[in-house]
Amino acid sequence: MHAEICKWYGGADSPVLFMIDDLANTWVDANHNGTLDPGEDWGYFRNEENSSFAFLNEKILKQFPELKVTFFVPVGIRAGMLTDSLFPQTSKPINSDEESKRFFRSIHQHPKFELAYHGTTHGTPGARAAEFVQEWAGFGCVEEAVGTIERGIEIYRETIGDRPRGGKYCGYISNDYSDESIDETGFAWWCRYWNRGVPEGAKDVGIGQDRNPRTNFDVKRFGRREVLDIPSTVNGELLKGIYKNDPSVKGAIKRLLGKPLARWKLRQIDYLLKHRLVISVQEHMAPSRDDGKRQTPNIWDDLESLLGIFHYLKDKNVWYCTGSELADYVNLRDHVEMHFEDHDTFTLKHTAHDAKRIISLKFRERGRLQVLLPNRMSVGVKERVANLPLMRGKYTIIRC
């Protein structure tokens, strides 16, 4: 009998992550009318009518219940783009009052959501939007960065009851001190770069540590603690504009995905699936900014594009997960060894056996199989893949 540890949970071709930036206790009154209008809210209005969180749930997540979302949260007072805002912005820390804390905590406690760290203020405003300094670019030394992160972690901890496990550089901008600050403050995973998804054969593979798309769009590690580096690979506005002339988007998505322009754009996702790379769809919570420009990509403007992307993935062999779930599986996968004692008996070696940790194995042999666990319970093998709890002792393959 031959088996191998699966690259991704469940033997999936790719993990799929839906990552949304800047869920924050912030509102930009983009038309100066003093009331909430669609697209103005970043999280300040929680789940109220016209809020971004309600829009996300009603328009996207209801249609794709398998999706999981990692929200990147600026935990303090989120800065505007300008020192003198053109449009009023209201922003508070996520722990500013009990109602705010309950809202953000309830999201993190939901089994399909998690809150990740996205700085304290997101950055420093400028006289012009082009002069805005992203948060990690503004640190002058490691100690300054670590001190700010630790204060942000305390805001997160007071709100959520735990510390954040992962996060992302604001604007994907960092400097010479940034990576060390993430390593020093104990994060398990981080998003460092915007790695633009490209079709096979394209010359522009985006910005990252290397120019090889096979590794640029896969997980990597950095720092003394080997923090997992999760790439950002798919722009949520990938299919934007394809549906704009169709009056019935919802009912026409399947047909429209066959359009030549859609097929050409979807080669980016096909490439990632073919090479078993990370599919992480990137968005922002809202388009509104205090300088009057629209933040892109965003879930409001890209609704039809997102529906098309997730519809396309529906019949693919993918694993929907959060950033922390991906990190947990990869960290387990990279440190488990499988040893066959005979044709049908094997052990799984790991420094810390824990039945709550699940590793996926793919068996070469076809036919109906089961795996008898060390505790004498059995797990079925489906399409030659078994998801097994990590235990001490012998696993036995049984032919049914």
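Two strands are taken to pair if DSSP finds at least two bridges between them. Helices (H or I, at least four residues) and strands (E, at least two) are DSSP runs, numbered from the N terminus. The structure is a predicted model, in which local features need pLDDT of at least 70 and side-chain atom pairs count only at pLDDT 80 or more, while totals for chains, interfaces and linings use all residues. Residues are numbered from 1 along each chain as its sequence is written, and side-chain values use heavy atoms, with hydrogens and water left out.

An open sheet of three strands, with antiparallel pairing, has the order β1-β18-β21. Strands β1 (3-5) and β21 (385-389) stand at the edges with a single partner strand each, so one side of each is left without a neighbour in the sheet. From one strand to the next the twist averages 35°; here and below, axes are lines fitted to C-alpha atoms, for helices over the stretch in contact, and angles run from 0 to 180 degrees between N-to-C directions. Strand β18 (residues 358-363) runs antiparallel to β21 and is joined to β21 by five bridges. Opposite Ile 358 stands Pro 389 in β21. Helix α9 (residues 323-333) lies across β1 and β18, at about 60° to β18.

Strand β2 (residues 14-21) pairs in the parallel sense with strand β15 (residues 318-320) over three bridges, and Ser 14 faces Val 318 of β15. Strand β14 (residues 279-284) also runs parallel to β2, joined by six bridges; the bridge partner of Asp 21 in β14 is His 284. A further parallel pairing, over four bridges, links β2 with strand β4 (residues 69-73), where Asp 21 stands opposite Phe 72.

Helix α8 (residues 303-313) packs against helix α7 (residues 260-274) at an angle of about 45°, with the axes 12 Å apart. Helices α7 and α8 are therefore oblique to each other, given that angles under 35 degrees count as roughly parallel, over 145 as roughly antiparallel, 65 to 115 as roughly perpendicular and the rest as oblique. The contact (heavy atoms within 4.5 Å) is made by Arg 263, Leu 266, Ile 269, Asp 270 and Leu 273 of α7 and by Ile 309, Tyr 312 and Leu 313 of α8. These residues divide into six nonpolar, no polar and two charged, where Ala, Val, Leu, Ile, Met, Phe, Trp, Tyr, Cys and Pro count as nonpolar, Asp, Glu, Lys and Arg as charged, and the others, Gly among them, as polar.

Helix α1 (residues 52-61) also packs against α8 at about 45°, with the axes 10 Å apart. Helices α1 and α8 are therefore oblique to each other. Phe 55, Lys 59 and Ile 60 of α1 meet Leu 303, Leu 306, Leu 307 and Phe 310 of α8 in this contact, whose residues comprise six nonpolar, no polar and one charged. Helix α8 is mostly covered, with nine of its eleven residues buried; among them are Ser 305 and Gly 308.

Terms used
Buried means under 20% relative accessible area, exposed over 50%, partly exposed in between (1.4 Å probe, protein chains only).
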